[in-house]
Amino acid sequence: MKIAGENYRTIWFEPAKKVVKIIDQTKLPFNFEIISLNNFIDAFNAIKEMRVRGAPLIGATAAYALYLASKEKEDINFVKKKAEEIKKARPTAVNLSWAVNRILNKVNTQNITQSILEECIKICDEDIKICEKIGEHGLQILQKIKKKQINILTHCNAGWLATIDWGTATAPIYKARDEGINLNIWVDETRPRNQGSSLTSYELIHEKINHKVIADNTGGLLMQRGEVDLCIVGTDRVSKNGDVANKIGTYLKALAAKDNNIPFYVALPSTTYDPNLENGGLIPIEERSDDELKQVVGVDEDNTIRKVNIYPKNTKGLNLGFDITPANLISGFITEKGVFKPEDIKKIL
Ligand code: MRU
C-alpha cells in the first residue's frame, strides 16, 4: 500500500547490505522512519518494543530474526536456541511460533543462512497473496450490501501495517474501494496504544479512504443508530472452537453487534489459526506495562514529539493487551480460503 503516493511493504530484505528493513511503527503517525535490523537482537527488540506489531508482521520479523542469527553464527544449534528466545518476545500472536517452526522445518543444514533467507522471503511473498485473497473474499460480502454507502467499524490496526501488505481486516476495504464502492470506516481509537487512530487512520489517509476515528466506547451508540452495517476486525490467534483473541475491546464490540443484529466478521490468514488450542481460554494474554495507560505520546505546536503523563502520580493501572471473543458472537471468518462459519474454522488448514 501507499505512503505519500509510494508503495511500501512493512518489512523487506536489502541484498546490498544484507540487512532487513522495517518501518518503525513507534514513530507513526508523526514521523515516517525506515530502520535497519542488523542482527538478531535488533529484530528481537523490534518485536518486543512494538516497532513492528500485528500478528503476521510479528511472524515475518521473527523469521528474519533467525536469518540474522544465522548470519552471526552459521550453526543449527545456535539458530535453534535463538528460535526459543524469539518465541518468547510476545505471547499472544500465534504467527510468531508458526513462522519460527516453519523456518526450523525448512532450514537446509548444509546451507543454513541462505536457506533461511529464502524461506523468509517466501513467507512475506505468501502473506501478501494471502491477504489479497482475504480482500477478494471479503469484497463478496460487501458487494451484497446494497446501500449508497457502507459503514464498517474496525478495531485496532489489522491493516497493511500489521501484515506485509493489504492487511487482514482492511483488505476487503481496499478491494471495495478499487471496485468503486462508497465506504465510511469507523476507526476505533483503540486505547491504550491507539493503533486505530495512529496507524489505521494513517493508512486510510494515505490510501484516501473515507473514515472517522471514534473513541472506543462510541461504537455501541452508532450501532443502535443504524450507522454501522458490519464490523470487520483482525485477530492474533483463533482457537480450534473458533474463539478469537484480538486487541482488548474487541469482545465488547462483538457483544454490541450481536445485540443490534449487526454482522461481526473476523479476518485472518490460516497462519493465525491455532489447531493446538481447544478454546480461547487457553490463549495466553499479554499483560503490558501500565505506563502505556498513563502516558500518551503526541506532538506539540512546535512539532516536537512528547510523552506526557495523564494520570495522578502513583496511580496504578492494569494493561491487558487482548481479549477473547467467543465463537458464538462471530458471524464469519474471512480467510484466504473463503468465508467460514465459526464451527467450520478447522477447514482453514
Ligand atoms: O498489540 P498489537 O499492536 O501487536 O496488536 C495486535 C493487533 O494488531 C491487533 O490485535 C490486530 O487487530 C490483529 S493482528 C492483524
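Gly-180 follows helix 6 and has a positive phi, near 80°. Helix 6 itself covers residues 171-178, and because six of its eight residues are buried, it is largely enclosed by the rest of the structure. The model described here is predicted. Its chain is assigned two domains, domain 1 (2-127) and domain 2 (138-348).

**Helix 6 and its surroundings**

- The buried residues of helix 6 are Ala-171, Pro-172, Ile-173, Tyr-174, Lys-175 and Ala-176.
- These buried residues pack against three strands, namely strand 6 (150-154), strand 7 (183-188) and strand 9 (230-233).
- They also pack against helix 5 (112-143) and helix 7.

- An open sheet is formed by seven strands in the order 8-7-6-9-12-18-19, and its pairing is mixed.
- Strand 8 (211-214) and strand 19 (338-340) are the edge strands, each of which pairs on one side only.
- On average, neighbouring strands of this sheet are turned by 25° against each other, direction ignored.
- In general, the strands of a sheet pair through backbone hydrogen bonds, in either a parallel or an antiparallel manner.
- Strand 7 and strand 8 run parallel and are joined by four bridges; Val-187 stands opposite Val-213 in strand 8.
- Helix 6 packs on the sheet by touching strand 6, strand 7 and strand 9, and its direction makes about 160° with that of strand 7.
- Helix 5 lies across strand 6, strand 9, strand 12 (264-267), strand 18 (332-335) and strand 19. Its direction is at about 135° to strand 18.

- Another open sheet has three strands in the order 3-4-5, with antiparallel pairing.
- Its edge strands are strand 3 (11-14) and strand 5 (34-37), and each pairs on one side only.
- Neighbouring strands in this sheet are turned against each other by 30° on average, direction ignored.
- Strand 4 (residues 19-23) runs antiparallel to strand 5, and four bridges join the two. Ile-22 has Ile-35 in strand 5 as its bridge partner.
- Helix 2 (residues 55-72) lies across strand 3, strand 4 and strand 5, and runs at about 25° to strand 3.

**Two individual residues**

- Glu-33 is placed in the loop between strand 4 and strand 5.
- Not counting residues up to four places away in sequence, Glu-33 touches Ile-22, Ile-23, Asp-24 and Lys-27.
- The C-alpha atom of Glu-33 is separated by 30 Å from that of Tyr-311, a residue 278 places away along the chain.
- Ser-198 belongs to helix 7 (residues 195-206).
- Ser-198 is classed as buried because its relative accessible area of 13% is under 20%.
- A polar atom of the Ser-198 side chain lies 2.6 Å from the backbone oxygen of Asn-194.
- Leaving aside neighbours within four places in sequence, Ser-198 is in contact with Leu-28, Pro-29 and Arg-193.

**How the two domains meet**

- The centres of domain 1 and domain 2, taken over C-alpha atoms, are separated by 24 Å.
- The contacts between them involve 33 residues of domain 1 and 35 residues of domain 2.
- Together the two domains bury about 2900 Å² between them, and 59% of this area is on carbon and sulfur atoms.

Conventions
Residues are numbered from 1 along each chain as its sequence is written. This is a predicted model: local features need pLDDT of at least 70, side-chain atom pairs count only at pLDDT 80 or more; totals for chains, interfaces and linings use all residues. Side-chain values use heavy atoms; hydrogens and water are left out. Buried means under 20% relative accessible area, exposed over 50%, partly exposed in between (1.4 Å probe, protein chains only). A polar contact is a pair of N or O atoms within 3.5 Å; within protein, one must be able to donate a hydrogen and the other to accept it, and residues adjacent in sequence count only if both atoms are side-chain atoms. Contact means heavy atoms within 4.5 Å. Two strands pair if DSSP finds at least two bridges between them. Axes are lines fitted to C-alpha atoms, for helices over the stretch in contact, and angles run from 0 to 180 degrees between N-to-C directions. Domain bounds come from an automatic or database domain assignment. Buried area is the accessible area (1.4 Å probe) that two parts lose on being put together, summed over both.
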